[in-house]
Amino acid sequence: MQIAQKNFYKKLLGRAGEVKAAEFLKNKGYEIIKTNYKTHVGEIDIIAEIDGVTVFVEVKTRLNDDYGQPSEAVDSKKQAKYYKVATEYLVRENKTDSLCRFDVIEIENGKINHIEDAFSF
């Protein structure tokens, strides 16, 4: 398979996972505020709220565990970038006093695992 075609399927799989994760969160009572929130620093897959808490969600989708668990891809470098984007969002939306947390949703072979408060700063 050509590299461009591989990247296309990878993006398609990731986008499908994000849609599935947003539906999952809605069914759990979360309000989806934004999806694919982009800044010059990076992107947050889903920003949601529940019980007055702003939740920044990274979604990792895999077909199998050949490269480890999906959540393992959210390393300290990715976490630091997420923190910067989240901070920028909170400032822009005048929510700097809000409670917030960072979750990871891993989807592997169609199965969802929601890791609440997956990392903090």
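In the predicted model, tyrosine 82 has a relative accessibility of 2% and counts as buried, since the cut-off for burial is under 20% relative accessible area. Phenylalanine 119, at 7% relative accessibility, also counts as buried. The ring centres of tyrosine 82 and phenylalanine 119 lie 6.5 Å apart with their planes at 75°, so the pair is classed as edge-to-face. This pair links distant parts of the chain, with tyrosine 82 placed in helix α2 and phenylalanine 119 in strand β5 (residues 111–119), 37 residues apart.

The structure holds five aromatic pairs. Another of these joins tyrosine 37 and tyrosine 89, whose ring centres are 5.2 Å apart and whose planes meet at 85°, so that this pair, too, is edge-to-face. Here tyrosine 37 belongs to strand β1 (residues 31–38) and tyrosine 89 to helix α2 (residues 76–92), and the two positions are 52 residues apart. Tyrosine 37 is buried, with a relative accessible area of 9%, and tyrosine 89 is buried with a value of 1%. Together with Phe56 and Phe102, the residues Tyr37, Tyr82, Tyr89 and Phe119 form one aromatic cluster.

The protein comprises two helices and five strands, which follow the pattern α-β-β-β-α-β-β along the sequence. Its radius of gyration is 14 Å, close to the 14 Å that the globule rule gives for 121 residues, so the protein is as compact as a globular protein of that length. Buried residues make up 37% of the 121 residues, and among contacts between residues at least 6 apart in sequence, 56% join residues at least 24 apart. The protein exposes about 7,600 Å², of which carbon and sulfur atoms supply 49%.

Terms used
Residues are numbered from 1 along each chain as its sequence is written. This is a predicted model: local features need pLDDT of at least 70, side-chain atom pairs count only at pLDDT 80 or more; totals for chains, interfaces and linings use all residues. Side-chain values use heavy atoms; hydrogens and water are left out. Helices (H or I, at least four residues) and strands (E, at least two) are DSSP runs, numbered from the N terminus. The radius of gyration is taken over C-alpha atoms; the globule rule is 2.2 Å times the number of residues to the power 0.38. Buried means under 20% relative accessible area, exposed over 50%, partly exposed in between (1.4 Å probe, protein chains only). Contact means heavy atoms within 4.5 Å. Accessible areas come from the Shrake-Rupley method with a 1.4 Å probe; for residues, only the protein chains shown count as cover. Rings of Phe, Tyr and Trp (its six-membered ring) pair if their centres lie within 6.5 Å; planes under 30 degrees apart count as stacked, over 60 as edge-to-face and the rest as tilted.
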